[in-house]
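Trainee: Could you walk me through this model before I set anything up with it?
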Amino acid sequence: MSSLRPPETARALGLAGTDAVLSEPQASPFKAMLSVLRRDLLLAMRRKAEVLTALFFFLIVSSLFPLGIGPEPALLRKIGPGVLWVGALLATMLGLQRMFYSDHLDGTLEQMVLSSAPLPLLVTGKVIAHWLVSGLPVVVLAPVLGLQFDLDPGALWILALGLLIGTPVLSLIGAVGAALTLGVRGGGALLSLLVLPLYIPTLIFGAGAVQAHLSGQGAGGHLSLLGALLALTLFFVPWATTAALRISLE
Amino acid sequence: MLTVHNLTCVRGTRPLFTGVDFAVAPGSWAHVRGPNGVGKTSLLRILAGLAKPEEGEVRWNGEKIGGEEFRRELMYLGHRAAVKDDLTALENLVFAAEMDGATLSREHAEDALQRFGLAGREDLPVRFLSAGQKRRVLLARTVTRRAKLWILDEPFTALDVKAVDFLANLVAEHVKAGGMAVLTSHQAIPLAPGQVVEL
């Protein structure tokens, strides 16, 4: 064990003492948000198993349906969008409980709450990280899986676009649930009961967009409604999550 | 100036402590003492603004605590490690500073860790460090964070004799420079005596 450098020596270097602190105040609170985002992505990269679990779950669940139903293109086309959306929704749910849990366990969350940066911004950073890790891969993978359901290129495009707008909504709504159930025993089951009903509008408009495209009505209306949901949740969720976290931490 | 007035804390239905009054002026520190389970940690969490008291209030320079101004001047180190096992000591320190709304260069972070005897272990994931070394990663924030009020919950736990002296020295310097500190410890603290708050 190397020895501790006494403050006298360090002061001689012009660094020690409480009047000369090493960190500098930051100009923009958005830097703190980006820092949370970077840290969560780094943590996800160091624990790849957790990330890949959600992705493989999505892959396998959506592949089981065509295998179980058999080669009936008309039926597969009909259920495809719904199955893929439900798969995406459940895959997002998998990582949700961990969003604040590990930070809560090791005390990092307390430090975030006490940070001079606004907590809603830090929370937004965590939600973006959750989406990049569990939402974005689903968006990329979904069109490939859609081929199993005999969806035409136009429908695949609408599916991906719908997921691109819809999965951030899932992460955002999930964040409120994760914050509310933090520190509750059996929080995982409670979280599903709390969050899944709130996912219904996103599911209806998301899967509906592809159906509408297939029936020739055009997906514009559904996608606009998804966009409205995203704008609404993006506005309210950081504050709701912040309030929930403060309650959970007491 | 931290003023605590008539603080009462209730856990469930059981009152932990009632009518706690004290003040910490610049250049002084308070030692919160009492047997296990008497509510030392609860008191410190209330002082930091993490929990709300049943009754009474805590003021910082006359203002109610919890505002951005207060959080900027506060450093609270709880008894949990507040470090990520999968990140290195250096990353932990830099991210902690950034999330506090500050910037910390790599050189300065290395310097802080070296002062806490972690030279050569900066780039090791924290899960490979011992409990005492993990504690040092957290405590390195005492030299990287700009704060007037230090609230330290059992800071000497898991530290060896040298590290205890080193940390006590840092607290003494901080107080001498006009800072304030509130700490809990079961050990005798090797520091010029401060005010004692018995719970």
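Mentor: Let me start with a definition: the radius of gyration is taken over C-alpha atoms here, and the globule rule is 2.2 Å times the number of residues to the power 0.38. Keep in mind that this is a predicted model.

Trainee: OK, so what radius of gyration does chain B have, and what would a compact globule have?
Mentor: Chain B has 17 Å, which agrees with the rule, because a compact globule of 199 residues would have a radius of gyration near 16 Å. Along its principal axes, the C-alpha trace of chain B spans about 50 × 35 × 35 Å.

Trainee: How many of its residues count as buried, in percent?
Mentor: In chain B, 52% of the 199 residues count as buried. As for the contacts in chain B with a separation of 6 or more, 68% of them come from residues 24 or more positions apart.

Trainee: Switching topic, how many residues of chain B are in contact with chain A?
Mentor: On the chain B side there are 49 residues, in contact with 43 residues of chain A. The elements of chain B that give two or more residues to this side include α3 (89–99), α4 (106–115) and α7 (161–176). Of the contributors, α7(B) gives the most, with seven residues. By class, that side of chain B has 23 nonpolar, 11 polar and 15 charged residues.

Trainee: Which strands pair across the two chains, then?
Mentor: Strand β1 (residues 24–25) of chain A is joined to β7(B) by two bridges, and the strands run antiparallel. Within β7(B), B:A102 is the bridge partner of A:P25.

Terms used:
Residues numbered from 1 in each chain as written. Chains lettered and ligands numbered in written order. Predicted model: local features only at pLDDT ≥ 70, side-chain atom pairs only at ≥ 80, totals over all residues. Contact = placed C-beta atoms within 7 Å. Helix = DSSP H or I, 4+ residues; strand = E, 2+ residues; numbered from the N terminus. Nonpolar A, V, L, I, M, F, W, Y, C, P; charged D, E, K, R; others polar. Pairing = 2+ DSSP bridges. Buried ≥ 20, exposed ≤ 12 C-beta atoms within 10 Å, placed from the backbone.
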